[in-house]
There are 4 protein chains.
Amino acid sequence: MQFYDQEVSSRFLIGTALYPSPSIMLEAIKASGSDIVTVSLRRESGKEQSGQNFWSYIKETGAKVLPNTAGCKTVKEAVTTAHMAREIFETPWVKLEVIGEDDSLQPDVFGLVEAAKILSEDGFQVFPYTTEDLVVAEKLIAAGCEVLMPWGAPIGSGRGLNNIYGLRSLRAHFPKVPLIVDAGIGLPSHAAAAMELGYDGVLLNTAVAKAGDPVLMAKAFAMAIESGHLSFIADPIEKRDMAAPSTPVAGLPFWNQEHA
Amino acid sequence: MQFYDQEVSSRFLIGTALYPSPSIMLEAIKASGSDIVTVSLRRESGKEQSGQNFWSYIKETGAKVLPNTAGCKTVKEAVTTAHMAREIFETPWVKLEVIGEDDSLQPDVFGLVEAAKILSEDGFQVFPYTTEDLVVAEKLIAAGCEVLMPWGAPIGSGRGLNNIYGLRSLRAHFPKVPLIVDAGIGLPSHAAAAMELGYDGVLLNTAVAKAGDPVLMAKAFAMAIESGHLSFIADPIEKRDMAAPSTPVAGLPFWNQEHA
Amino acid sequence: MQFYDQEVSSRFLIGTALYPSPSIMLEAIKASGSDIVTVSLRRESGKEQSGQNFWSYIKETGAKVLPNTAGCKTVKEAVTTAHMAREIFETPWVKLEVIGEDDSLQPDVFGLVEAAKILSEDGFQVFPYTTEDLVVAEKLIAAGCEVLMPWGAPIGSGRGLNNIYGLRSLRAHFPKVPLIVDAGIGLPSHAAAAMELGYDGVLLNTAVAKAGDPVLMAKAFAMAIESGHLSFIADPIEKRDMAAPSTPVAGLPFWNQEHA
Amino acid sequence: MQFYDQEVSSRFLIGTALYPSPSIMLEAIKASGSDIVTVSLRRESGKEQSGQNFWSYIKETGAKVLPNTAGCKTVKEAVTTAHMAREIFETPWVKLEVIGEDDSLQPDVFGLVEAAKILSEDGFQVFPYTTEDLVVAEKLIAAGCEVLMPWGAPIGSGRGLNNIYGLRSLRAHFPKVPLIVDAGIGLPSHAAAAMELGYDGVLLNTAVAKAGDPVLMAKAFAMAIESGHLSFIADPIEKRDMAAPSTPVAGLPFWNQEHA
């Protein structure tokens, strides 16, 4: 799978906030098998030594860094943060968050499109945190985005996929754009369900970092994401409205059942 | 994990019907990592040579055989079939199906309890295919069953978990009885969700055998079942009604955030 | 609509427990428009004067009384209670509850079928409180029941319809038997949904009696139940997977649109 | 209830497209009890006599007309259509649709906000057809809208409420703005559920016009919408996770149960 011109092997993108300790974070990232970690610039901009330590921990994972603009509420703030991130992390990648509402932390889709355009024109490779809105998606693509990251549910809510129909619709309308469900995932079954819809990846943070055992949970999500992806490829059975026997009733071997 | 006195390592129990060919079945079972395969006696009772071949295929998997009484509609038929199975497969295990209704293939819980009692008293170790009914569960346990296999949805329907509340309730009422969701699973996310409820295992057949690529799908389910189990152990986050930031807004390192 | 040989005009059956006061109960029953109220014998068997008062309140509603065996846990207890009820309330009707489990108050389907048989043979007209189990339904009908009352969810839980697929299946298998969803309803939309499945009536108690304004809530449920029933008759549109315009785009009058 | 400065008594807003005939439309509108009908200008702009007839039918209902800009895909088109509508229908009201996507007919929230601003400044009273997006809602209000009409699901899909969490969140964030669920409703239970969330009204068209019996279905929806509204006022019981008896087990009158 490719995001922009970068090949990645894992479909699990993982966040670096909220872990009980840096060493648990490190172990969890390893257990996740992720190639890509998101990092908040805000954290890094502190003057504390701990910033340095944190950065060295991240480096140790060997993962690509996807800096994010978490907490930014205006286009200007997000653009400035992105520039700082590019300098610090030496990558054109940026997970673009323009937060429009304090409780739900939902995207401000207006600011998002505007910031995405500014940054794309300036050479950034933007991963926009967006809603499942098809029209917004179209505008983000027009603004230069080659990846979209619709939410499953509000950040940190653990609710899973609030609007499955909307996410399925987005997938159907953009069959060739890499789509990553970002935010709201609480359980591995949620992540598997996203992948079963044909999504290309899942980004999450809280569900791992705040689990009782983050390392084990990271492993669980890694398996679920891979599982959902394999299922999508393997062409699952259709739901049937009435029950059908899985065991032929006649006394014939199963490879003859078509003739029974 | 133990079923009766047998230790098993995989929580995925897989069926042997409906595959496109015996060799695909064999590969799918291998990919599933299952320790236990269910086999229908009815198929084996045919006089065709193919019966012998089928049996040798099953042996090749190295898995324990859980003979089933699929297609039996009366206590007598189920008991007779179980006896034949014990002779042929040389195991006290039997997956007891007493089918009460042709369309949904749902259990006849009356016949089921009666047959479970007869067979348990006769030394069988019964795995009853049942509904999520708590009272029926109590009676099955009183009849000697040490494992219960409630349905997720009708056999072959691929609908997943029709009554999540009922399944959760069953788990809560029988915390120490091994519980396996049997039937109705269509997608890995369904299987993961069952395990996230604290179930001990998942038995399925159609969702693998009739998938476009049964071998890949077997692998997908294996990962999902393990994933859901790990998640249950790892203590997932609670759902929250309002969004919460997963990234602290202050410029502090994350391990200090409690003091922020 | 008929239950046994009695014509009733309302499809809303209402309970008489848990109201803040008898006068509110009376008003709520009037607001419900119910023809049928369920009454627990246990309450009536007290020696208090209040029992007499309660009974006179019920009479004032003009509704048919459907005595219930609420709280009975054995066949014997239920049968004895039914006999007392027949004497006191002078009706062959009985809502038969044989409770099998203390937390969920779910039916003991074994005891239920046995008691239904005993009572039917003794001239009772039994309204069994049951699950959505098709096989149990068949046995209750064979035992003489001409009405079935499957649960939506546990009594008093307000959860609505826990197993919509099961309830739909029951309706499909017994197109001519009057079916009433009994228990678990919390909101008018739940009751409407039950009727939209083609159910013949809804019985509830807690959702009205424990609402902030029981009288207003009784009215709300009356409308929802009637609404769902009308919808079932009026042949609703099918769900569509993709959106379709409800307004023709051409400049033609709507009655010509077929030719547009 | 008020929309802008107009008092309305019914919370059911009904569309005028897709009926089998004008007389059935007329009857259905009467059965709905609606005070407000939406009318597409596009239909009226035809040169056919039938346009005149249609208009006289609408007048006969006595309902307020809410002209809509259905089918408009650009700000300019919507604004022009709104102006024509104001002239023809002599009302400052306009249901503003700026369609952003052909399959789902979903709003283009960018064009919507822009057109809402232009029209509000020009003295229109705008009812914007929008999504459940909180940030878009904020911008529409800033643009002058005093009513919001978020979708339940795509127009004509009959799917109900695709994102209940989003709709609940919108209600919570704008407790004083009249909110109407517009589009996607298929069944009365969907409409009741919208009102139970605290919404102020429901607008629908296809679910009535394309039902087998539109007149009966209009009546069903009228009852469901009123029912859901009453329920919201009457303070419903909370869902409980475990069952609770609705009938006290002790032999005490119900008004003493607190002391039992």
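Start by selecting A:Thr16, which sits in the loop between strand E3 (12-15) and helix H1 (22-32) of chain A. Helices (H or I, at least four residues) and strands (E, at least two) are DSSP runs, numbered from the N terminus. A:Thr16 is buried, with a relative accessible area of 2%. Here buried means under 20% relative accessible area, exposed means over 50%, and partly exposed is in between (1.4 Å probe, protein chains only). Now show the side chain of A:Thr16: it reaches the backbone oxygen of A:Thr38 at 2.8 Å. That is a polar contact, a pair of N or O atoms within 3.5 Å; within protein, one must be able to donate a hydrogen and the other to accept it, and residues adjacent in sequence count only if both atoms are side-chain atoms.

A quick word on what you have open: this is a predicted model, where local features need pLDDT of at least 70, side-chain atom pairs count only at pLDDT 80 or more, and totals for chains, interfaces and linings use all residues. Residues are numbered from 1 along each chain as its sequence is written, chains are lettered from A and ligands numbered from 1 in the order in which they are written, and side-chain values use heavy atoms, with hydrogens and water left out.

**Chain A as a whole**

Select chain A and colour by secondary structure. Of the 260 residues in chain A, 66% count as buried. Contacts (heavy atoms within 4.5 Å) tell you something too: of those in chain A with a separation of 6 or more, 66% are between residues 24 or more positions apart.

**The annotated spot**

Next, pick A:Gly156, A:Ala183, A:Gly184, A:Asn205 and A:Thr206, where UniProt places the feature "binding site" in an unreviewed entry. They span 51 residues in sequence, yet no two of their C-alpha atoms are more than 9.2 Å apart, so they gather at one spot. UniProt positions are given in the numbering used here, feature names are shortened, and annotations may be inferred rather than shown by experiment.

Zoom in on A:Ala183, in the loop between strand E9 (180-182) and helix H8 (188-196) of chain A. Is A:Ala183 buried or exposed? At 8% relative accessibility, A:Ala183 counts as buried. Leave out residues up to four places away in sequence, and A:Ala183 touches A:Tyr129, A:Trp151, A:Gly152, A:Ala153, A:Ile155 and A:Leu203.

Step along to A:Gly184, found in the loop between E9 and H8 of chain A. A:Gly184 counts as buried, at 5% relative accessibility. Setting aside neighbours within four places in sequence, its contacts are A:Ala153, A:Pro154, A:Ile155, A:Ser157, A:Gly158, A:Arg159 and A:Gly160.

**Two helices side by side**

Now show H8(A) and helix H10 (residues 214-234) of chain A. Their axes come within 7 Å and cross at roughly 25°. Axes are lines fitted to C-alpha atoms, for helices over the stretch in contact, and angles run from 0 to 180 degrees between N-to-C directions. H8(A) and H10(A) are therefore roughly parallel to each other. For the cut-offs, angles under 35 degrees count as roughly parallel, over 145 as roughly antiparallel, 65 to 115 as roughly perpendicular and the rest as oblique.

Turn the view and you can look for the right-handed crossing of H8(A) past H10(A). A crossing is right-handed if the near helix is turned clockwise from the far one by less than a right angle, and left-handed if anticlockwise. On the H8(A) side, the residues that meet H10(A) are A:Pro188, A:Ala191, A:Ala192, A:Met195 and A:Glu196. Among their partners in H10(A) are A:Met217, A:Phe221 and A:Phe232.

While you're in chain A, highlight helix H7 (residues 164-173): its buried residues are A:Tyr165, A:Gly166, A:Leu167, A:Ser169, A:Leu170 and A:Arg171. These pack against helix H6 (134-142) and strand E8 (149-150) of chain A.

**Hop to chain B**

Select B:Gly184, in the loop between strand E9 (180-182) and H8 of chain B. B:Gly184 is buried, with a relative accessible area of 5%. Try the distance tool from B:Gly184 to B:Ile233: they are 49 residues apart along the chain, and their C-alpha atoms are separated by 24 Å.

**Last stop: chain D**

Finish at D:Leu187, in the loop between strand E9 (180-182) and helix H8 (188-196) of chain D. D:Leu187 counts as partly exposed, at 21% relative accessibility. What does D:Leu187 touch, not counting residues up to four places away in sequence? D:Leu187 touches C:Glu196, C:Ser231, C:Pro236 and D:Phe221.
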